[in-house]
Amino acid sequence: MIELLATRAALFGLCGAALIGIGIYGFVAHAHLLRRLVAFNVIGSGIFLLFGATGLRRVAFGADPVPQALIITGIVVAFSATALAVAMITRLAMLSGEARLPEERPGGAPGGER
Amino acid sequence: MMAVVFDVLLCALILVVALAAVSGRALFPAVVFFIVYGLLVAIAWVRLDAVDVALAEAAIGAGLTGILLVGATARLRRMEVPEAETGTSAARIATGIGCAMFAAMIGLGLLSLEPRGTGLAPVVAENLAGAGVANPVTAVLLNFRAYDTLLESIVLLVALVGVWSLAEDRHWGGHPGLRQHARTDGVLAAFGRILPPVGLMIGVYIVWTGSKQPGGAFQGGTVLAAVWLLVVMAGLVEAPRSDGRLLRIGLVAGPAIFLAVGFAGALGGTFLGLPAAHAGNLILLIETALALSIVLTLGLLVAGPPQRKAGTEDGA
Amino acid sequence: MILDAVTILLTGAGIVFFVAGTAGLLRFPDTHSRLHALTKADNLGLGLIVLGLIFQANALSLAVKLVLIWGLAVLAAATISQLIARAALPDEIKRLMRGERR
Amino acid sequence: MGPLSGQGTIWLALLIAAPLAAALLSVVSGRYARPVALASIALMLSLSGILVTLVAQGPLRIAVGGWSAPLGIALAADGLSAGFVAVTAVVMGIVMLSALPQFAPRGDGETGESRAGYAFWPLAFFLWAALNAIFLSGDLFNLYVALELLTLAAIGLVAIEGKAETIAAALRYALFALFGSLAYLLGAVFLYAAYGTLDMALLAEIAEADGATIAAGALMTAGLAAKTALFPFHAWLPPAHSGAPAPASAILSGLVPKASFYIAVRLWFDVLPGAAGEIMPVVLGALGTLAIVYGSLLAMRQERLKLIVAYSTVAQIGYLFLIFPLAGGSADPQPWAAGAWTGAMFHAFSHAAAKASMFLSAGLFLHAVGHDRIDGLKGIARHMPMTAFAFALASVTLMGLPPSGGFTAKYLLLTASFAGGQEIWSAAMILGGLMAALYLFRPLGRAFSRAGEGAARPAPVSRLLQLAPLALACLSILIGIASAGPYDFLQIGRPVSAEEGLE
Amino acid sequence: MSGWYFALASVLLATIAGALLRVHRGPDAADRMMSAQLVGTGGIGVLMLLAAASENWAILDVALVLALLAAFASVAFVKAASSDGAGDPEEDAEDRRRS
């Protein structure tokens with residue numbers, strides 16, 4: 001039983017690690033800010049999953065409630081950031097017609113040199 | 001044995017969906033995949049014996065974030081914002097290899113990690129009796145690490161002020177979003193009438209049950225916020241003006257009461273200290289107020305910046 | 001024991017409906033027949049699972065909760081399928097959702 | 001816990017609760033921004049003063065909620081944290097006072113609010129609370145939440161003008177900062193997985209120098225560097241800091257990057273002093289050097305005053321990271337480490353005051369001339385002698401000339417680099433000082449030159465407003481003149497590693 | 001019993017994978033939306049089976065929340081994609097009939 005729990009923890013922990021990689025890929029590969037935001041959330045949940053899995057590592061003591069509480073806090077914080085970013089992206093699109101940063105648009109000005 | 005098969009399948013599915021969400025060419029399918037992703041991650045939390053987190057993920061990840069992103073996608077499409085990507089496939093492959101290596105390093109680090117000590121599970125169990133609640137996760141959130149939770153409720157408010165400040169000057173203080181409407185006797189309006197009573201009950205139940213079993217102010221508050229948004233989308237009530245005095249008081253009520261209780265503790269010698277005899281009641285007070293503020297803040301975060309003054313259709 | 005057998009039977013039958021629904025989703029030729037088959041199948045499948053699990057629930061509140069879940073899921077599916085199917089999909093949605101083909 | 005802990009509780013609690021309460025009040029109504037701001041600033045200045053006097057008698061540490069670590073979260077204050085809290089109070093106080101006219105509640109609606117006039121105050125107070133929370137926190141996850149609070153408030157301030165450029169700048173900042181948060185969080189997760197606690201004092205006792213710990217520290221440092229805008233993560237800073245209104249820029253450039261730098265210092269000097277190794281300090285020092293050179297070069301090429309000042313921040317942040325190679329890199333005791341550590345803190349303090357002053361000055365020039373191209377500054381010193389003088393004083397600090405705080409900082413850092421036989425870093429510092437003189441002379445030279453023929457007459461600027469940058473500039477000089485006081489104060493509760501160096 | 005539940009839950013996951021294939025392929029708007037809906041229903045089923053398997057009935061609350069919120073994202077899209085961005089497809093259909 002305890003071995004099973006440890007296997008499960010390792011499995012989901014690895015899944016979390018892979019999600020972090022997938023998320024970073026999405027973050028780097030896209031210029032569209034909404035896509036980057038989705039990728040950011042994938043990285044975040046990967047880290048949370050990893051955290052939750054490590055909470056099971058000390059199997060003799062059961063699931064550790066502290067990581068769970070911290071993850072809930074983290075989820076809410078990540079949502080706040082996401083909501084603010086979504087509002088900024090839509091506003092930027094309204095003002096400039098683009099959902100990308102100026103330097104990442106084809107022919108756009110490089111950052112900070114304006 | 002079947003449990004292992006299930007877990008492996010679940011992890012594989014999560015990874016495939018995450019890949020689909022970040023790597024596809026178009027925005028809308030990516031968003032749909034991301035909503036599905038939230039749902040699958042909620043199931044993963046159940047498998048990690050973290051039902052409290054599963055509730056939060058289901059309500060926020062599969063619920064509110066879905067509404068938020070889908071709405072934003074549709075708005076961007078309406079504005080005909082270009083979506084074409086520029087990167088070359090060689091660059092993408094290189095990025096992919098780099099990310100895979102990074103993920104592998106994290107995974108190896110995790111496997112090679114030798115956990116020292118007992119973790120905090122036994123310490124939490126030991127102190128649970130004086131915490132005022134029976135659910136250990138709620139005990140951590142509202143007592144042992146209440147300070148984190150206080151700051152977290154503030155983070156929500158900061159985000160809301162940030163969102164509001166993106167309004168146009170002339171719309172300041174007005175209603176967020178467009179004036180929602182639906183056919184009065186239509187399916188949407190009917191859905192918006194049938195669901196809220198049930199949703200209200202479920203949300204309140206989840207806030208209330210948090211002291212004993214998985215649940216709590218954040219999870220329940222998120223559910224209630226989503227229900228509120230549904231009623232707004234069904235055109236049954238208007239999203240409130242952002243300069244309403246009552247609304248503003250509701251927004252700060254939770255953090256303010258939390259802060260007041262914490263400071264009263266400081267006067268007694270312990271910042272955010274909850275005397276064991278009253279901890280249960282104080283937590284109930286804080287959770288109720290927090291839930292109210294969370295409902296309002298989350299709902300308005302999704303609704304977006306003020307976009308029109310009373311009654312006008314003046315939008316984008 | 002008998003209760004367990006009933007549960008196994010009902011939940012198993014429920015899954016069969018889910019599988020059938022998915023098969024229909026993947027194989028039926030046109031959108032509307034897919035929609036129709038699918039909504040029915042998964043609502044029925046979920047209903048059977050709920051019914052099967054009720055025999056395992058040792059408290060009335062759990063049974064009520066199970067039925068409530070089923071009711072909500074059916075309501076959601078019905079609403080969405082009506083919004084899409086009955087109100088003849090506006091071109092706007094079609095265009096928006098097919099965006100990746102541009 | 002010391003005998004002071006009971007007394008300390010109220011003051012530490014108030015330092016976080018008071019700005020939060022002010023922020024909540026300003027969320028409820030924008031109409032009372034002025035009285036709320038005046039009262040809160042006075043209160044915060046007194047509270048910070050009380051903290052300084054308390055810490056002067058010894059470091060404080062309290063267990064929030066009465067739950068001691070590892071279960072609960074500890075608040076801790078030593079000389080370093082109290083120093084940062086005090087500098088924050090003075091800078092925030094002066095900047096917010098000077099922001100009162102610009103962000104006055106003067107809307108025409110029934111609530112008497114205007115958009116920016118409303119949003120500035122809660123954002124500024126939330127930011128102040130976040131800074132204090134960071135400087136007083138003793139828990140790595142609590143730091144994460146406080147850091148997010150700081151970041152979101154700062155993003156809001158960057159975007160407050162509501163123009164396409166500023167929103168793009170805010171989004172670019174958000175991308176870097178949120179990515180940085182995630183890296184920091186991942187590192188903290190690894191530390192919890194390994195040691196079962198997030199309390200910094202406990203971790204310091206049990207952390208070992210194994211691979212996972214070092215990797216965790218490196219991840220956290222990378223995240224913090226992105227938030228501090230250390231080269232090569234600097235791209236977000238100039239547009240964000242130059243696009244915001246002057247008071248917001250002053251806060252963003254003077255204080256916000258210092259918070260993430262502060263956490264990095266705490267992480268290596270207090271929590272993981274034995275795990276720094278030899279490579280990490282050198283890498284951070286090299287990036288710092290590159291930041292100095294690159295930031296200064298770009299500052300020389302700018303034609304707009306606010307951009308010069310913003311690129312100068314990129315350069316000045318570089319000096320901060322020289323603390324790592326100068327105070328570490330060897331297992332042997334390094335007696336010069338104390339000088340390097342203290343020097344970097346002097347730099348952080350005097351740069352905070354000087355940079356805030358410069359942005360306020362730039363804002364006043366902009367107000368007077370209508371734009372901030374340096375060509376338009378010709379002869380401005382005649383019309384606004386006070387502000388021009390303030391800008392010159394602040395420049396003295398950035399160039400590191402005596403008797404400024406910048407001089408004390410560079411003196412300490414240079415001494416450490418010579419004593420430690422690491423002259424290469426002193427070359428970077430000296431070069432940086434020269435380049436600062438070059439890029440600051442361009443606006444200064446024009447300001448103090450004769451006005452050209454037919455130059456438009458600048459709009460009048462109130463004397464009272466001109467006092468603010470002057471006060472901040474004087475503070476940056478004063479830190480140098482009276483450096484003995486802060487020097488001794490910083491040693492209170494100083495970690496051993498700041499005396500013997502990182503290993 | 002728990003083995004049986006896990007087996008069923010695994011099959012359900014497989015049907016979810018099938019539905020995801022339809023989300024990916026489309027081609028029609030209705031297909032994507034309804035397939036996502038099926039995924040939601042399947043997820044609810046999985047959670048109920050997991051609750052029974054572990055006899056941890058608190059898991060039902062997660063299923064309850066998912067069932068409650070199942071249609072919300074779709075409603076948000078239908079609304080945002082309606083003719084004025086805030087209406088409903090039924091209204092639009094009526095308008096079309098009238099004109």
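Contact between chains is taken here to mean heavy atoms within 4.5 Å. In this predicted model, no contact by that criterion joins chain A and chain E, whose closest C-alpha atoms lie 13 Å apart. Chain D and chain E likewise do not touch, and their nearest C-alpha atoms are 23 Å apart. Six pairs of chains are in contact, and of these chains A and B share the most contacts.

The interface of chain B and chain A brings 87 residues of chain B into contact with 72 residues of chain A. About 7100 Å² is buried between these two chains, with carbon and sulfur atoms giving 78% of that area. On the side of chain B, the three residues that contribute more than any other three are B:Val22, B:Leu48 and B:Leu110, which supply 10% of the area that chain B buries against chain A. Three salt bridges are found across this interface. In one salt bridge, the side chain of B:Asp49 meets that of A:Arg8, at 3.7 Å from N to O. Nine residue pairs in polar contact, both residues at pLDDT 80 or more, are also found between chain B and chain A. Helix H3 of chain B (residues 51-78) gives the most to the side that touches chain A, namely 13 residues. By class, that side of chain B comprises 58 nonpolar, 14 polar and 15 charged residues.

The contact of chain E with chain C takes 51 residues from chain E and 50 residues from chain C. Between them, the two chains bury about 4500 Å², and 77% of this area lies on carbon and sulfur atoms. Within chain E, the residues losing the most area to chain C are E:Met34, E:Met48 and E:Trp57, which together account for 14% of what that side buries. One salt bridge is found across the interface of chain E and chain C. C:Lys65 forms a salt bridge with E:Asp61, and the closest N and O atoms are 2.7 Å apart. Among the elements of chain E that give two or more residues to the side touching chain C are helix H1 (2-25) and helix H5 (89-98). The largest share of that side, 16 residues, comes from H2(E). The side of chain E that touches chain C has 32 nonpolar, nine polar and 10 charged residues.

A nonpolar patch on the surface is formed by B:Ile93, B:Ile97 and B:Met101, with about 330 Å² of accessible area together. Of these residues, B:Ile97 lies in helix H4 of chain B, which spans residues 89-112.

How values were computed:
Residues numbered from 1 in each chain as written. Chains lettered and ligands numbered in written order. Predicted model: local features only at pLDDT ≥ 70, side-chain atom pairs only at ≥ 80, totals over all residues. Heavy atoms only, no water. Patch = residues over 30% accessible without salt bridge, like charges linked within 9 Å, V, L, I, M, F, W, Y side chains within 5 Å. Areas by Shrake-Rupley, 256 points an atom, 1.4 Å probe, with all protein chains shown as cover. Salt bridge = Lys/Arg side-chain N within 4 Å of Asp/Glu carboxyl O. Helix = DSSP H or I, 4+ residues; strand = E, 2+ residues; numbered from the N terminus. Buried area = accessible area lost by both parts, 1.4 Å probe. Nonpolar A, V, L, I, M, F, W, Y, C, P; charged D, E, K, R; others polar. Polar contact = N/O pair within 3.5 Å; in protein donor to acceptor, adjacent residues only side chain to side chain.
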